[in-house]
Structures are given as C-alpha cells and as structure tokens.
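Q: I'd like to go through the helix packing and then the sheet. Here is the model.

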Amino acid sequence: MPIPVTVPRDIPILVVDDFATMRRIVRNSLRQLGFTNVVEAADGNEALEQIRQSSFQVIISEWNMPTLDGSDLLRAVRSDERNRETPLLMITTESQRKQVEAREAEGVATYVVKPVTTSVLESKMESLLSKGL
C-alpha cells in the first residue's frame, strides 16, 4: 500500500543527523517520494531550535549523535505540549530488540535500521502517514 494520496507532499519534515551525507540520503529519498518541505538539523540542539521556530508533522532523527542524542531529543519533543503527538522516526544502527523497545516505550513512532533505503523509508512513512496527520 503506497503513501496515501490524500497526504499533502508539502508537509514539513525535519531530518536530524550529525552526518551531512546521511541527511542528504534521507532528504533525497523523501524527495523521490514526492516530499518537498524538508528541513535539516545537524544535531539535537539545532533540531530543538528548529522545532521552537517551526512546526513539523514528522521528525526523522538519528539515534546516536553527540551533544544531544536522539533519545534526549525525543524526550524534549515529548515534554513539549505542541509536539507531544508529532511522529518521530528514529534512524539507528542498533538492532537489538531490547534497545528498540526502550525507544518505543519513550514514544518513538517507528524506526529504521541503517542503511536507509528509499523503499524502507517509503514503508515507514506510509505507516506513519496512514494513521492520519
């Protein structure tokens, strides 16, 4: 099942990763899926600043980052009333179920284990967006 056609392709999406190459890969995959409003942040602190300035309908974040990692970012997002329900897709190299379950308990909507491909990202976005934004 593809991403619902009723989902606007200009929804604001924030991509957070400390590696520019990874941000570019995710941004390009989102563009291939038709999404046009993609904002980037190089770390969790920059992401929080972006979130304070703008509203995002999906946040895609790396789990392991220096300074403010994905888990800390997730807690900050969930503690803010405006963003409590914003879906957060976590990108990780962690594949141990126990660690993934801990992030899900904290409020991660879904996750992707690297490497990220357009087809996997499409599947995850489909799942998030079919729940209705």
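Q: How do the axes of α2 and α3 come together, and at what angle do they cross?
A: In this predicted model, the axes of α2 and α3 (residues 70-79) come within 9 Å and cross at roughly 20°. That makes α2 roughly parallel to α3, a label for angles under 35 degrees. Axes are lines fitted to C-alpha atoms, for helices over the stretch in contact, with angles from 0 to 180 degrees between N-to-C directions. Helices are DSSP runs of H or I with at least four residues, and strands are E runs of at least two, numbered from the N terminus.

Q: Which residues make the contact?
A: G44, A47, L48 and I51 of α2 meet L73, A76 and V77 of α3, contact being heavy atoms within 4.5 Å.

Q: What limits apply to the model?
A: Local features need pLDDT of at least 70, side-chain atom pairs need 80 or more, and totals for chains, interfaces and linings use all residues. Numbering starts from 1 along each chain as its sequence is written, and side-chain values use heavy atoms, leaving out hydrogens and water.

Q: OK, the sheet. What is the strand order?
A: The order is β2-β1-β3-β4-β5, in an open sheet of 5 strands with parallel pairing; strands pair if DSSP finds at least two bridges between them. At the edges are β2 (38-41) and β5 (110-113), each pairing on one side only.

Q: Where does α2 pack on the sheet?
A: Helix α2 (residues 44-53) touches β1, β2 and β3 (58-62), and its direction makes about 140° with that of β2.

Q: And how many bridges link β1 and β2?
A: Strand β1 (residues 13-16) pairs with β2 over 4 bridges, in the parallel sense. V15 is opposite E40 of β2.

Terms used:
Angles under 35 degrees count as roughly parallel, over 145 as roughly antiparallel, 65 to 115 as roughly perpendicular and the rest as oblique.
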